[in-house]
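Have the structure open as you read.

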Amino acid sequence: MAQAKINAKANEGRFCRSSSMADRSSRLLESLDQLELRISLCLILIDVLGEREELNLTANRLMGRTLTVEVSVETIRNPQQQESLKHATRIIDEVVNKFLDDLGNAKSHLMSLYSACSSEVPHGPVDQKFQSIVIGCALEDQKKIKRRLETLLRNIENSDKAIKLLEHSKGAGTKTLQQNAESKFN
């Protein structure tokens, strides 16, 4: 038995002829092909990771550069355009300040100012003086003036609706109270 163990140990390091040399060569080549494929995949992965790192560095560098840039758009105006803008703004501000005193008149005045800015056929009177002032403004300022007037008119319209709803609900509540009081006395 000891001799069998010694022979088994001696045979471990020796070449075993149970499989053919061609089979062993084929398996060895197959293993080498798989190893080559894995190495290629590893190299591709390393390249991708390297490119990714390079892309991250480039992106960070570009982000840093864009954060240092400030973009400012200013409307270039000649002195006459600046004066026209100030004058138009002053007129609108004066009408807005009159809102609380006379809402109806202020609204109709704003409508005539808006009509002066509109290229469409106006629905009401046009403030000719304001129109000549607005025409003297830079094109971008003309658009801003028109948008401001549109916003003011929309706000007035919304407040009118809110007041009417409030008055309606108040009136309905008063009517109900009157009806209840009359039914109690009858």
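Start with Lys107. Its relative accessible area is 24%, so Lys107 is partly exposed. The cut-off for buried is under 20%. Keep in mind that this model is predicted.

Lys107 has a salt-bridge partner, Glu157. Their closest N and O atoms are 3.3 Å apart. Lys107 sits in helix α4, residues 103–117, while Glu157 belongs to helix α6; the bridge therefore ties together parts that lie 50 residues apart in sequence. What about the accessibility of Glu157? Glu157 is partly exposed, with a relative accessible area of 35%.

## Asp93 and Arg148

How many salt bridges does the structure hold? The count is three. Another of them joins the side chains of Asp93 and Arg148, with an N to O distance of 2.5 Å. Asp93 is in helix α3 and Arg148 is in helix α6, so this pair ties together parts 55 residues apart in sequence.

Check the accessibility of each partner. Asp93 has a relative accessible area of 31%, which means it is partly exposed. Arg148 has 32% and is partly exposed.

## Asp141 and Arg77

Now turn to the pair Asp141 and Arg77. Their side chains meet in a salt bridge, at 2.5 Å from N to O. This pair links distant parts of the chain, 64 residues apart. Asp141 lies in helix α6, which covers residues 139–185. Arg77 lies in the loop between α2 (21–67) and α3.

Is Asp141 buried or exposed? Asp141 counts as buried because its relative accessibility is 2%, and the cut-off for buried is under 20%. Arg77, at 29% relative accessibility, counts as partly exposed.

## Ser84 in helix α3

Last, look at Ser84. Where is it placed? Ser84 is in helix α3, which covers residues 79–97. Its relative accessibility is 11%, so Ser84 counts as buried.

Which residues does Ser84 touch, leaving aside neighbours within four places in sequence? Ser84 is in contact with Ile133, Gly136 and Cys137.

## Putting it together

Helix α6 holds Asp141, Arg148 and Glu157. Each of these residues takes part in a salt bridge: Asp141 with Arg77, Arg148 with Asp93, and Glu157 with Lys107. Helix α3 holds Asp93 and Ser84.

Definitions and conventions
Residues are numbered from 1 along each chain as its sequence is written. This is a predicted model: local features need pLDDT of at least 70, side-chain atom pairs count only at pLDDT 80 or more; totals for chains, interfaces and linings use all residues. Side-chain values use heavy atoms; hydrogens and water are left out. Helices (H or I, at least four residues) and strands (E, at least two) are DSSP runs, numbered from the N terminus. Buried means under 20% relative accessible area, exposed over 50%, partly exposed in between (1.4 Å probe, protein chains only). Contact means heavy atoms within 4.5 Å. A salt bridge is a side-chain nitrogen of Lys or Arg within 4 Å of a carboxyl oxygen of Asp or Glu.
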